[in-house]
Amino acid sequence: MSFNAVRKKKVKRAGAFRVDEKELLCKNGCGFYGNVAWQGLCSKCWREESHKQREAQIRGDEKLARQLYESQNVSPNDRVPSGPEVPEEGTHQMGVGFDKFEDRQRHRLQATSRAKQVKTIFSRSLKNQNKAEPHPAVTRQLSTDSTQATQRFTHFLQRLNKTMAEDIHRQCAELLHKIEHYDWPVDEVAEKVQDFYVEHCERMGSSPIYTGLSSEQQTKIIDSIEKYLMTRLYRDFFSPAHADDEQKDLAIQNRIRKLRWVTADMIGAPIEESDVSVNQLIVKAQTELIEINAKKAPIDKLGCLSRSSKIIFQMVQASQGSPASADDFLPVLIYLILKANPPQLHSNTQFISRFTNPSRLHTGEVGYFFTNLCCAIMFVENLDAKSLSLTQEEYNDYMSGRRQPPKTSEPICEGLYMMYNNLSTLEDLRLRQERLMQNAREFSDEMERWKLKVMTQVDEAIKSKPLVRKRYGPQPVNVDEELSEGHEGLPSPMEPQKV
């Protein structure tokens, strides 16, 4: 049996979590990818369904208003007797009564508006009298990210045709002005932004201003518009205060913390964590998942998700020794989410669903990856003993901490991975330092022993052969004496001569 066959057999899991790709498609059968947040519909069908529901709500409210008016303001004597000629609900008589009610409301609103106009005129005159000098208008300061996004968008527009760039800038400025100056709920803002994407795509296809643009250039323009708009609107519409995104983020985060004991075998994730190369890929994939929260624009968040998903296929292939299949993707994604615990997971998926270009989530690998991410979050929220092939007692023991799964080489995010590597290096340095100090102490002791040994040997040598000092006195020397033997090479002494 080959090495790849052994590895593939080793990572084969029982009870793997699988989802058929058909289950990821829109429930209406349009062929696009659905989304759990949209009740299994794609963004297009969800918007149409939401529009129908709003219209039905408006009609229901109007019907209720008519019924309340008739029950409170029409006396029994004025009621139209029933008979064959009397129309059913929504008749002309009821319409007349409701029209009178609307007339009274209109007159009341007009009177109120006139009173407000008079108060406004007097208040302005008083302000002009008391105001010594005009105050500058309060303008909202842009964040650093918004300023940088504006600069990048301006630089992008400078590379386009002047007329085209002016039209794009004007359309974006009008949309931002409307959103920033009107207190619209986040769902209504999301609908207007997605309508803007669709309308601008249609505008590029029909307006003579954009003649000659290829489909790739049009996509690049829409991507740049999305990145600019959503970076500007990120602060106000990412996890807005009036929505429950923050509460759901905390609930998912706490849920994932309680499920840290789940192993790859339990959910059928075909990865071999003991392999060094696979472990490195796990760290990279988790880092990309965590990085989603650091991005501002939905297109950048989806880019992180796409890179993480491609790394998942690489790690499955490295674990099995063969190309990964789509069935292996979702269990590994679930496992990475449980181990990485990405921050604000619900808010990020909601922000992407609300404000990205809807065509990006309909088809293609990005739409497939995002749909699987939503399915993974739903699986984590609903994970129970049956989905993990455990008994209820085992599941309760794991959740309470009374039982721990077999210890595995748990993958961690890059930051923690670096921290643990640094701690390991510091521990190694500490041991080496201790060995060095021990060797230094041993060397110092050895030097002391050598010193004592040398001193002992010197003392013994002195005692065995004591030093005898001899004194030698001065001896007379005759300079005129003939040279003795051994001095043949020296010249004879000079003799004095008479001149």
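With which side chain does the side chain of Asn293 make a polar contact? The partner is the side chain of Asn348, at 3.1 Å; the legends below place this pair in its surroundings.

The structure is a predicted model, in which local features need pLDDT of at least 70 and side-chain atom pairs count only at pLDDT 80 or more, while totals for chains, interfaces and linings use all residues. Residues are numbered from 1 along each chain as its sequence is written, and side-chain values use heavy atoms, with hydrogens and water left out.

**Figure 1. Overview of the protein.** The protein has 16 helices and 0 strands. Helices (H or I, at least four residues) and strands (E, at least two) are DSSP runs, numbered from the N terminus. Of the 499 residues, 34% count as buried; buried means under 20% relative accessible area, exposed over 50%, and partly exposed in between, with a 1.4 Å probe and protein chains only. Contact means heavy atoms within 4.5 Å. Among contacts with a separation of 6 or more, 75% come from residues 24 or more positions apart.

**Figure 2. Helix H5 and its buried face.** The buried residues of H5 are Met164, Ala165, Asp167, Ile168, Gln171, Cys172, Leu175, Leu176 and Ile179. Seen down the axis of H5, these residues fall within an arc of 165 degrees, so they line one face of the helix; the arc is that of the directions from the helix axis to the C-beta atoms. The cover over the buried residues of H5 includes helix H4 (144–158), helix H6 (186–206) and helix H7 (215–237). On the other side of H5, Lys162 and His181 are exposed. At the start of H5, a side-chain oxygen of Asn161 comes to within 2.9 Å of the backbone nitrogen of Thr163.

Figure 3. Most residues other than glycine have a negative phi. Just after H11, however, Asn341 takes a positive phi of about 50 degrees. Gln344, in the loop between H11 and H12, also has a positive phi of about 50 degrees although it is not a glycine. Gln344 is partly exposed, with a relative accessible area of 32%.

**Figure 4. Two aromatic pairs.** A search of the whole structure finds 13 aromatic pairs. Rings of Phe, Tyr and Trp (its six-membered ring) pair if their centres lie within 6.5 Å; planes under 30 degrees apart count as stacked, over 60 as edge-to-face and the rest as tilted. Phe238 and Phe351 form an edge-to-face pair, 5.5 Å centre to centre with 75 degrees between the planes. Phe238 lies in the loop between H7 and helix H8 (245–258) and Phe351 in helix H12 (residues 345–355), so the pair ties together parts that are 113 residues apart in sequence. Both Phe238 and Phe351 are buried. The ring centres of Phe313 and Phe329 are 5.2 Å apart and their planes are at 5 degrees, so this pair is stacked. Phe313 belongs to helix H10 (residues 298–320) and Phe329 to helix H11, so the pair ties together parts that are 16 residues apart in sequence. Phe313 counts as partly exposed, at 24% relative accessibility, whereas Phe329 is buried, with a relative accessible area of 1%.

**Figure 5. The surroundings of Asn293.** Asn293 is placed in the loop between helix H9 (276–291) and H10. Its polar contact with Asn348 is a pair of N or O atoms within 3.5 Å; within protein, one must be able to donate a hydrogen and the other to accept it, and residues adjacent in sequence count only if both atoms are side-chain atoms. Leaving aside neighbours within four places in sequence, Asn293 is in contact with Tyr234, Phe238, Lys301, Pro343, Gln344 and Asn348. Tyr234 and Phe238 also belong to a cluster, linked by ring pairs, with Phe237, Phe351 and Phe355.
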